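Hi,

Here is the structure I promised to send over.

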Amino acid sequence: LSALSEAKARAAKIRSKESALFAKNEPEIQQGLEGVKIALKALREYYGNQDQGAATGIVGMLEVVESDFAKQLAEMRVAESTADEDFKKEEEDMKLEQSRKEQDVTYKTEAHQRLDADLADIQSDADSAQSVLNDAKEYAETVKSKCTVTPMSFEEKKARRQQEIDDLKGALEALQSSSSSAATSLVQTGKASSLRQLRGVMQPM
């Protein structure tokens with residue numbers, strides 16, 4: 001776009017110079033042509049149909065000058081008209097090209113913005129997926145730690161077995177102590193009953 005703008009500015013500058021030069025030269029040539037026509041008219045009216053002698057050469061030269069002025073003026077006008085038409089056509093082409101390139105820039109900018117938005121969405125989805133994956137890993141580690149049975153060492157097994165033995169010994173001792181107390185109580189109860197029976201027999205009828 002910058003190169004197109006520079007080309008457009010250069011073309012406008014050149015056209016401005018051409019137009020200014022035509023505006024300056026056309027009146028001068030037109031004025032010269034009119035002067036030659038006036039001079040020729042005056043000479044022809046003055047000499048009329050008389051033998052012009054030396055004047056004939058002057059009239060002939062002025063006629064040549066008149067023809068050159070007229071030709072030059074016509075060529076200048078054609079050149080100016082052609083240059084103006086070419087400039088207008090080129091200017092229109094440049095406008096169309098600029099419009100096309102501006103539209104192209106707009107499309108590319110919009111495409112770039114859509115791409116940025118898509119990339120942002122993809123990044124957001126990736127972050128969300130990574131977060132879910134991290135949570136899943138953390139949960140798996142928690143479950144794994146709860147489900148994994150760590151084998152006891154030999155010392156731990158030995159200590160646990162000794163504790164079981166000690167618990168069994170304590171229970172056995174308690175059972176034996178309870179049985180002994182129950183037997184003693186039973187014997188004492190039996191003796192008391194026998195004495196009561198014996199006293200009942202010995203009492204007088």
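**Charged pairs, core and surface**

Asp84 is partly exposed, with a relative accessible area of 25%; for these labels, buried means under 20% relative accessible area, exposed means over 50%, and partly exposed is in between (1.4 Å probe, protein chains only). Before going on, a word on the source: this is a predicted model, where local features need pLDDT of at least 70 and side-chain atom pairs count only at pLDDT 80 or more, while totals for chains, interfaces and linings use all residues. Residues are numbered from 1 along each chain as its sequence is written, and side-chain values use heavy atoms, with hydrogens and water left out.

Back to Asp84. Its side chain meets that of Lys88 in a salt bridge, at 3.3 Å from N to O. The term stands for a side-chain nitrogen of Lys or Arg within 4 Å of a carboxyl oxygen of Asp or Glu. Lys88 and Asp84 are separated by about one helical turn because they are four residues apart in helix 2. Helices here are DSSP runs (H or I, at least four residues), as are strands (E, at least two), numbered from the N terminus. The pair belongs to a network of salt bridges that links Arg15, Glu18, Glu80, Asp84 and Lys88.

Arg15 lies in helix 1 and is buried, at 6% relative accessible area. Leaving aside neighbours within four places in sequence, Arg15 is in contact (heavy atoms within 4.5 Å) with Glu80, Ala83, Asp84 and Phe87. Glu80 sits in helix 2 and also counts as buried, with 15% relative accessibility. Again leaving aside neighbours within four places, the contacts of Glu80 are Arg15, Glu18, Ser19 and Phe22. As a general point, side chains of opposite charge can pair when their charged atoms come close.

How many salt bridges does the rule give? The count comes to eleven. Among them are two that share Glu97. The side chains of Glu97 and Arg100 meet at 2.7 Å, N to O, and these two residues are three apart in helix 2, about one turn of the helix. Lys101 also forms a salt bridge with Glu97, with the closest N and O atoms 3.8 Å apart; Lys101 and Glu97 are four residues apart in helix 2, again about one turn. Glu97 is partly exposed at 26%, Arg100 is partly exposed at 47%, and Lys101 is partly exposed at 30%.

Now the core. Which residues make up the largest nonpolar core? Phe22, Ile29, Leu33, Leu73 and Met76, five in total. A nonpolar core here is a set of buried Ala, Val, Leu, Ile, Met, Phe, Trp, Tyr and Cys residues joined through side-chain atoms within 4.5 Å. Helix 1 (2-47) and helix 2 (54-147) each supply at least two residues of this core, and helix 1 gives the most, with three. Not counting residues up to four places away in sequence, Leu73 touches Glu26, Ile29, Gln30 and Leu33.

Another pair you can find by eye is Glu34 and Ala70: they are 36 residues apart in sequence and 9.7 Å apart in space, C-alpha to C-alpha. Glu34 is in helix 1 and is partly exposed, at 35% relative accessibility.

Ile122, in helix 2, is exposed, with a relative accessible area of 52%.

Finally, the chain as a whole. It has three helices and zero strands, running α-α-α from the N terminus on. Buried residues make up 8% of the 205 residues. Of the contacts with a separation of 6 or more, 80% are between residues 24 or more positions apart. The protein chain exposes about 16,800 Å², with carbon and sulfur atoms supplying 57% of it; accessible areas come from the Shrake-Rupley method with a 1.4 Å probe, and for residues only the protein chains shown count as cover.

Cheers
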